[in-house]
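Please open the structure in your viewer and keep the selection tool at hand. We will go from one selection to the next, and at each stop there is something to look for.

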Amino acid sequence: MGMGIGINSERPDEGKVRGWQEPVACYVWFTSEGKAIPKRLKYLDTEGCVQEIRGIHVISSSEKNYCGIPTVEYDCNCIIGSGEYAFRLLYYLERHIWKLLWK
């Protein structure tokens with residue numbers, strides 16, 4: 001009979017990522033402690049033109065598992081023109097790829 005030792009030792013799973021994930025190229029700055037901070041993005045718009053987002057403000061970041069896949073999720077916003085836009089960035093640790101989800 002188990003006494004609870006080792007139970008719930010794994011990180012909880014968040015399930016499926018909800019929303020459309022756009023692949024992006026991300027320029028990242030690393031702190032002296034090794035923490036990654038996204039600074040700039042480039043992605044293809046619906047017309048096939050490269051768009052760039054600068055001045056990313058990271059509100060929060062957290063490590064999550066989506067369907068068992070380790071991911072770092074960044075809650076961000078930026079100002080484009082006169083509007084403020086909120087989005088999430090997902091960094092998939094095993095595949096070393098970035099995805100963008102607009103809110």
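Start by selecting R54, which is exposed because its relative accessible area is 52%, a value that lies over the 50% cut-off. Bear in mind throughout that this is a predicted model.

Move on to K103 and D75, which form a salt bridge whose closest N and O atoms are 2.3 Å apart. Here the pair links distant parts of the chain, since K103 sits in the segment after β7 and D75 in strand β5, 28 residues apart. K103 is exposed, with a relative accessible area of 62%. The structure holds five salt bridges.

Now turn to the nonpolar residues. Select V24, L41, Y74, F87, L89 and W98, which touch the most other members of the largest nonpolar core, a group of 17 residues. Strands β1, β2, β5, β6 and β7 each give two or more residues to this core, and the largest share, four residues, comes from β5. Apart from this core lies another one, of five residues, including V17, Y66, L90 and Y92.

Keep F87 selected and show its surroundings: leaving aside neighbours within four places in sequence, F87 is in contact with several residues, among them L41, I56, Y74, L100 and W102.

W102 has its place in strand β7, and is partly exposed, with a relative accessible area of 33%. Select I80 and Y85 along with W102 to see a nonpolar patch on the surface, where the three together have about 270 Å² of accessible area.

Finish at I59 in strand β4, which is partly exposed, with a relative accessible area of 48%. Not counting residues up to four places away in sequence, I59 touches D75, C76 and N77.

Conventions. Residues are numbered from 1 along each chain as its sequence is written. This is a predicted model: local features need pLDDT of at least 70, side-chain atom pairs count only at pLDDT 80 or more; totals for chains, interfaces and linings use all residues. Side-chain values use heavy atoms; hydrogens and water are left out. A nonpolar core is a set of buried Ala, Val, Leu, Ile, Met, Phe, Trp, Tyr and Cys residues joined through side-chain atoms within 4.5 Å. Buried means under 20% relative accessible area, exposed over 50%, partly exposed in between (1.4 Å probe, protein chains only). Contact means heavy atoms within 4.5 Å. Patches are made of residues with over 30% relative accessible area and no salt bridge: like charges are joined within 9 Å, nonpolar side chains (Val, Leu, Ile, Met, Phe, Trp, Tyr) within 5 Å. Accessible areas come from the Shrake-Rupley method with a 1.4 Å probe; for residues, only the protein chains shown count as cover. A salt bridge is a side-chain nitrogen of Lys or Arg within 4 Å of a carboxyl oxygen of Asp or Glu.
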